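User: I am new to this structure and would like to go through a few of its strands. Could we begin once it is on the screen?

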Amino acid sequence: MRRRGTATAWDPNANNDVSALALSGGTVYAGGSFTSIGGQPRSRIAALDAASGAAIAWDPNANNDVRALAVSGGTVYAGGKFTSIGGQTRNRIAALNAASAAASAWDPNAYLNFYDPFNPDPVVYALAVTGSTVYAGGYFTNVGGELRNRIAGLDASHGAATAWDPEANDDVYALGGERGTVYAGGKFTSVGVQPQSGIAAITDGSLVSVGDDPEHHGGLADRSPQPDPGWHADRIFSGSIRKSAARAVGCVGARRGDARRSIPRAGALRGDMGWSGARRAVVSRTPLPTARGGRPGDAEEARDHPGSV
């Protein structure tokens, strides 16, 4: 028998889209495109009383959309399109004090190493916190001071990129982590050096053994034995993944060396731009000159290769 869900009296009444939510104790954090919520003016990010729906005094005031939120202890991590939040310049990703709303010194600074006139602005679409690592997904090629293609692990204490580097070939919209595995969803067709359509389980580099290859920085988690469910997700737009859906994907273990040998041209590895299966080119491992958070004026555009999906 189907049970119809009924909305409660809780009604913060946002005047525009809400793209992200995170719950901590008696507070609901909301991010999106709104400028008013919970009966107060709030620029794209707010904290709401979980009982009444009223906005509390917490007000980081982002200057552009907030697309991702995650809470860990006394810190609220935010991702999106903003370049200013919590009273500081922060490019698309920030850590906010849960009490004062001020941005901390944590500043991974997500940006692009190329200029695409049709899609010029980097975005952090997804965040997940596991232990001492903040995982970020989106449309970027540099974060935490390192080249990272659309997915990265960041040190929760200082914001530097960790060695974890699965290299997705297109945007990552959703992330979730559990017991040594990071689940990712988005537009990609390759991640963790394997062809993978829209959704994948990736080792987090600590709890799942992936062999002795020193070049490994995030391979697909071995979920065998599992039958092929016979479906492939083509798009995932949520900022989080239901764990049960992620477990339905049959993933195989791999190392970078194995991928090169057993799956010719299966994905672009370090410095490899010859992959014709990408929806959008994976950028070169050679950084292009660019100002902090800015766009390189003379960088080549990322173009789809002929025959791309």
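User: How many of the residues of β16 are buried?

Analyst: This is a predicted model. In it, 6 of the 7 residues of β16 are buried, so the strand counts as mostly covered, with buried meaning under 20% relative accessible area.

User: Which residues does β16 span, and how does β16 run relative to β17?

Analyst: Strand β16 covers residues 172–178. It is joined to β17 by 6 bridges, and the two run antiparallel.

User: Which residues of β17 are the bridge partners of A174 and G177?

Analyst: A174 has G185 as its bridge partner in β17, while G177 has V182.

User: What about the hairpin of β16 and β17: how many residues lie between the strands?

Analyst: There are 2 residues between the strands of that hairpin, and R179 takes a positive phi near 45°.

User: New topic: in what order do β11, β12 and β15 stand in their sheet?

Analyst: The order is β11-β12-β15, in an open sheet of 3 strands with antiparallel pairing. β11 (123–130) and β15 (151–155) are at the edges; each has a single partner strand, so one side of each lacks a neighbour in the sheet. From one strand to the next, the twist averages 25°.

User: How do strands of a sheet pair, in general?

Analyst: They pair through backbone hydrogen bonds, in either a parallel or an antiparallel manner.

User: Back to this sheet: how many bridges join β11 to β12?

Analyst: There are 7 bridges between β11 and β12, the latter being residues 133–139, and these strands run antiparallel. T130 stands opposite T133 in β12.

How values were computed:
Residues numbered from 1 in each chain as written. Predicted model: local features only at pLDDT ≥ 70, side-chain atom pairs only at ≥ 80, totals over all residues. Heavy atoms only, no water. Pairing = 2+ DSSP bridges. Helix = DSSP H or I, 4+ residues; strand = E, 2+ residues; numbered from the N terminus. Axes fitted to C-alpha atoms, helices over the stretch in contact; angles between N-to-C directions. Buried < 20%, exposed > 50% of the residue type's maximum accessible area, 1.4 Å probe, protein only.
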